[in-house]
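User: I would like to go through this structure with you, starting with its helices. Could you show it first?

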Amino acid sequence: MTERTVYEVCDFIEKAGRTLVLGHVNPDADCLGSAFALREMINACDGRADVACDGQVPDRLSFMCDAVLTPDGADADGYDTIISVDVASPLQLGKFEALIPQIKVMIDHHASGTPFADNLIKTDASAAGEIVYRIYKELVFRGSIRRNVRVMRLLYAAIVSDCGSFKYSNTTPYTHGIAAELVANINTANDGGLDTDAICHLLFGRFTVREMTAKMIAIKNMRLYEDGRLGVVMFSRETLAENGLTESDVGNAVETPRCIDGVLVALALRQTGERTYKVSSRANAEIDCAAVCANYGGGGHVRAAGCTIEADSPEDAEKIAVDAFGKAVREYLENTPLVKARI
């Protein structure tokens, strides 16, 4: 495996031909925005690209994309090139993991992951969309593609989503600089497309009835540990089935305990099999969630990571997660005095 530069990836895209762009399982806005922006750029370079993911696109993100191929609908033999984006490890490809030998380049921004192909990985980027933005700017500079407001909208959605409306710690001055340029171009396009305020409303300002049901359940069933420093919500298969909820409906459940005053780490667990539980973790302090998740084969960012654990029951799964993250919380508190936030 070889580390690639933005310039090398641009060389590659200019000659990509028939291309399959792979995202991660259960794609989020960064994944979809980056993948479809790449599709637009490949098509503009006289290639022909499709986007594929193993998992359902949430209804709230349907405005970002059209056709997303599934493992049953993507014939790898029909493509000259395969690219992955926002995929940190082989497991995140789901059923597309078998295509790894054919992947020419992986584009990613996660600090904790397992590279599986020649790669362009920028761990200082707030989102995969930031890296794809650099590719877009270089291709425009070369004259390979023209200025494309649809690409800008996709990248704005990708970036603003993954940095939490610029409130997460992964937001940098460079992130704000990109956003300023995108906002200026998108909101003056006058082409009938969405302005940035409409994009943000679609991403953050609307919820389905099922998503609100999931939020209600999360509030009702939330438990606090470590003197209120660790907040946990659990969705068992029984709970999901009783309320007609899918994985995408509970995808943001971790934000419910995260917003509780005093919580340093928030966890959301959802049962995905007889003995398997997917864990999403978010930290409100410099607690390395990725390091904890790595012990269970997962990873991600320092303050946002995930993994899958095995347990005999939802109660046992919660105890495993609480023990692991509770230890990290205690170690943080032993070494870091808590001070009242001030400006």
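User: What kind of model is it, and how are residues numbered?
Analyst: This is a predicted model, in which local features need pLDDT of at least 70 and side-chain atom pairs count only at pLDDT 80 or more, while totals for chains, interfaces and linings use all residues. Residues are numbered from 1 along each chain as its sequence is written, and side-chain values use heavy atoms, with hydrogens and water left out.

User: At what angle do α3 and α5 pack?
Analyst: Helix α3 (residues 128-142) and helix α5 (residues 173-186) pack at about 55°, and their axes are 11 Å apart. Helices here are DSSP runs of H or I with at least four residues, strands are runs of E with at least two, and both are numbered from the N terminus. Axes are lines fitted to C-alpha atoms, for helices over the stretch in contact, and angles run from 0 to 180 degrees between N-to-C directions.

User: How is that orientation classed, and which hand does the crossing have?
Analyst: α3 and α5 are oblique to each other. Angles under 35 degrees count as roughly parallel, over 145 as roughly antiparallel, 65 to 115 as roughly perpendicular, and the rest as oblique. The crossing of α3 and α5 is left-handed; that term applies if the near helix is turned anticlockwise from the far one by less than a right angle, and right-handed applies if clockwise.

User: Which residues make the contact?
Analyst: α3 contributes Glu130, Tyr133, Arg134 and Lys137, and α5 contributes Tyr174, Thr175, Ile178, Glu181 and Leu182. Contact means heavy atoms within 4.5 Å.

User: Turning to α4, how does it cross α5?
Analyst: The axes of α4 and α5 come within 10 Å and cross at roughly 140°. The two helices are oblique to each other, and the crossing is left-handed. On the α4 side the contact is made by Val149, Met152, Arg153, Leu155, Tyr156 and Ile159. On the α5 side the residues are Thr175, Ile178, Leu182, Val183, Asn185 and Ile186.

User: And what about α4 against α6?
Analyst: α4 and helix α6 (residues 196-204) pack at about 50°, with axes 10 Å apart. That makes α4 oblique to α6, and the crossing is right-handed. Arg153, Tyr156, Ala157, Val160 and Ser161 of α4 meet Thr196, Ile199, Cys200, Leu203 and Phe204 of α6.

User: New topic: is serine 34 buried or exposed?
Analyst: Serine 34 is buried, with a relative accessible area of 0%. Buried means under 20% relative accessible area, exposed means over 50%, and partly exposed lies in between, computed with a 1.4 Å probe on protein chains only. Serine 34 is found in helix α2 (residues 29-44). Not counting residues up to four places away in sequence, serine 34 touches Val85, Ala128, Gly129, Val132 and Ala158.

User: Which residues other than glycine have a positive phi?
Analyst: Serine 165 is one of them, with a phi of about 60°; glutamate 226 is another, with phi near 50°. Serine 165 lies in the loop between α4 (149-162) and α5 and is partly exposed at 33% relative accessibility. Glutamate 226 is found in the loop between β6 (223-225) and β7 and is partly exposed as well, at 24%.

User: What does glutamate 226 touch?
Analyst: Leaving aside neighbours within four places in sequence, glutamate 226 is in contact with Gly326, Val329 and Arg330. The C-alpha atoms of glutamate 226 and lysine 327 are separated by 9.3 Å, and these residues are 101 residues apart along the chain.

User: Which residues of α11 are buried, and what do they pack against?
Analyst: The buried residues include Ala317, Glu318, Ala321, Val322 and Phe325. Those buried in α11 pack against β6, β7, β8 (265-271), β9 (276-283), α10 (289-294) and β11 (304-310).

User: Finally, where do the buried residues of α7 fall around its axis?
Analyst: The buried residues of α7 are Glu211, Thr213, Ala214, Ile217 and Ala218. Seen down the axis of α7, they fall within an arc of 155°, so they line one face of the helix; the arc is that of the directions from the helix axis to the C-beta atoms. They pack against β7 (230-235), α8 (237-242) and α9 (255-258). On the other side of α7, Val209, Met216 and Lys220 are exposed.
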